Amino acid sequence: MQSDHARLDTLLITLANLFRIFSNDHTLNLDVRRAVLRSLEGRWAKQDQDVIILACILNPFIQGDIFSPRSPFRRPNKIIEIASTAYRRFCRQEPNMEFQKAVQEYMNRHGRWSHQQMGLAMYDPSPNPVQ
């Protein structure tokens with residue numbers, strides 16, 4: 001994960017998968033599992049978590065689908081909050097209403113952000129992709 005080509009969304013997915021494996025695989029040595037989980041938790045604590053989560057959400061192949069349906073990262077208002085904070089940080093200006101509307105539409109896969117419009121319809125696993 002320390003490559004020049006590593007992506008933030010890949011980082012989160014990898015850490016989450018390792019956490020899942022070492023949390024659930026009871027065939028592994030308990031001390032090893034605990035050590036790995038402590039290490040993963042430590043690495044995650046040192047990360048810019050909101051930016052990494054936003055990177056996953058902004059990946060059109062992932063969006064919020066990797067998060068539990070009950071996760072705050074599936075709620076458009078939370079995503080608008082995180083995206084607005086990142087926008088302020090990176091662009092050094094306030095996001096306007098058009099920005100917030102675009103994030104909302106992206107999260108709902110509407111208009112220019114639909115899988116059809118983004119050329120992703122063939123990758124959409126749902127039988128009736130939202131337009």
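Glutamate 81 and lysine 78 sit 3 residues apart in helix H4, so about one helical turn separates them. In this predicted model, the two residues form a salt bridge whose closest N and O atoms are 3.6 Å apart. Both partners are partly exposed: glutamate 81 has a relative accessibility of 46%, and lysine 78 has a relative accessible area of 23%.

## Other salt bridges

The search of the whole structure finds 6 salt bridges. One of them joins glutamate 105 to lysine 101, with 3.8 Å between the closest N and O atoms. These two residues lie in helix H5, 4 residues apart, or about one turn of the helix. Glutamate 105 is partly exposed at 23% relative accessible area, whereas lysine 101 is exposed at 54%.

Arginine 88 forms a salt bridge with glutamate 94, and here the closest N and O atoms are 2.9 Å apart. Arginine 88 is partly exposed, at 33% relative accessibility, while glutamate 94 counts as exposed, at 55%.

## Overall fold

The chain contains 5 helices and 0 strands, giving the pattern α-α-α-α-α along the sequence. Its C-alpha trace spans about 50 × 40 × 30 Å along the principal axes. Of contacts between residues at least 6 apart in sequence, 43% join residues at least 24 apart.

The chain has 131 residues, and 28% of them count as buried.

## Nonpolar core and surface patch

The largest nonpolar core has 19 residues, and Ile57 and Phe73 have the most contacts inside it. Helix H1 (8–24), helix H3 (49–57), helix H4 (76–91) and H5 each supply at least two of the core residues. Beyond its neighbours within four places in sequence, phenylalanine 73 contacts Ile53, Ile57, Gly64, Phe67, Lys78, Ile79, Ile82 and Met107.

On the surface, Phe61, Met122 and Tyr123 form a nonpolar patch with about 410 Å² of accessible area together. Tyrosine 123 belongs to the segment after helix H5 (97–108).

## Cysteines

How many disulfides does a search of the whole structure find? The count is 0. Cysteine 56 is buried, at 0% relative accessible area, and cysteine 91 is partly exposed, at 38%.

Notes. Residues numbered from 1 in each chain as written. Predicted model: local features only at pLDDT ≥ 70, side-chain atom pairs only at ≥ 80, totals over all residues. Heavy atoms only, no water. Disulfide = S-S within 2.5 Å. Buried < 20%, exposed > 50% of the residue type's maximum accessible area, 1.4 Å probe, protein only. Patch = residues over 30% accessible without salt bridge, like charges linked within 9 Å, V, L, I, M, F, W, Y side chains within 5 Å. Areas by Shrake-Rupley, 256 points an atom, 1.4 Å probe, with all protein chains shown as cover. Salt bridge = Lys/Arg side-chain N within 4 Å of Asp/Glu carboxyl O. Core = buried A, V, L, I, M, F, W, Y, C linked by side-chain atoms within 4.5 Å. Contact = heavy atoms within 4.5 Å.
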